[in-house]
Amino acid sequence: MSAKVVSSVPFHGTKEQKEALDAVIARYKGQQGCVMPAMQEAQEIYGYLPEEVQLMLAEGLDIPLEHIYGVSTFYAQFNLNPKGRYRVGVCLGTACYVKNAASVFEKIKEVLGIDNGGCTPDGKFSLDATRCLGCCGLAPVMMINDDVYGRLTPENVAEVFEKYKDL
């Protein structure tokens, strides 16, 4: 692998997850075109595709790890980092961007203490830059799970996250 993605949350797979992955590998082993469906099922089992899971897939399917990693980094559907209980998506589309979304995003990264694509060590929040969320009239906008927060400023970001402090 040429680049290594390091998660802020250590990998902790369970015995049940490993057994489920072993069943997926057994079902797909030796089949042409098995990489994508096997990876999709692995991500369903673990919630993301950490290096450890990619290695299990590579070894079990007898496919080079570089190929698994290449697929996982090429397609946006695959996550290399875990997602938090609260998934924060910050719009950096045109309408939001011209209304200072970049500064809002920087403030959110500061408040959460994580970078784009990261997850807080407690697994509570994950952060992703997104494109248009369809709420251009409320720009700049972020979503936390299904809740939309608009007309954000760097100054009011912290108060949004106060709501989630004790959850």
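Contact here means heavy atoms within 4.5 Å. Leaving out residues up to four places away in sequence, cysteine 132 touches Cys91 and Gly93.

A word on the model. It is predicted, so local features need pLDDT of at least 70, side-chain atom pairs count only at pLDDT 80 or more, and totals for chains, interfaces and linings use all residues. Residues are numbered from 1 along each chain as its sequence is written, and side-chain values use heavy atoms, with hydrogens and water left out.

Back to cysteine 132. It sits in the loop between strand 2 and strand 3. Helices (H or I, at least four residues) and strands (E, at least two) are DSSP runs, numbered from the N terminus. Buried or exposed? For cysteine 132, exposed, at 51% relative accessible area. The cut-offs: buried is under 20% relative accessible area, exposed is over 50%, and partly exposed lies in between, with a 1.4 Å probe and protein chains only. Glutamate 41 is 91 residues away from cysteine 132 along the chain. Their C-alpha atoms are separated by 28 Å.

Now the cores. A nonpolar core is a set of buried Ala, Val, Leu, Ile, Met, Phe, Trp, Tyr and Cys residues joined through side-chain atoms within 4.5 Å. The largest has 25 residues. Which members touch the most others? Val88, Ile108, Met142, Ile144 and Phe161. Helix 6 gives the most, with five residues.

Look at methionine 142. Set aside its neighbours within four places in sequence. Its contacts then include Val88, Gly89, Val90 and Ile108. Leu133, Asp147, Val148, Tyr149 and Leu152 are also among them.

In soluble globular proteins, nonpolar side chains tend to be buried together.

Leu57 takes us to helix 3, residues 51–61. Its buried residues are Val53, Gln54, Met56, Leu57, Ala58, Gly60 and Leu61. What covers them? The cover includes helix 1 (15–28), helix 2 (35–46) and helix 4 (65–74). After helix 3 comes aspartate 62, with a positive phi, near 55°.

Last topic, salt bridges. The rule: a side-chain nitrogen of Lys or Arg within 4 Å of a carboxyl oxygen of Asp or Glu. How many salt bridges does that give? Seven.

First up, glutamate 19 and lysine 15, at 3.8 Å, N to O. They are four residues apart in helix 1, so about one helical turn separates them. Glutamate 19 is partly exposed at 44%. Lysine 15 is exposed at 60%.

Next, lysine 107 and glutamate 110, at 3.1 Å, N to O. This pair is in helix 6, three residues apart, so again the separation is about one helical turn. Lysine 107 is partly exposed, at 26%. Glutamate 110 is exposed, at 56%. Why does such spacing work? An α-helix has 3.6 residues a turn, so residues three or four places apart point the same way.

Finally, glutamate 162 and lysine 165, at 3.7 Å, N to O. Glutamate 162 is partly exposed, at 48%. Lysine 165 is exposed, at 53%.
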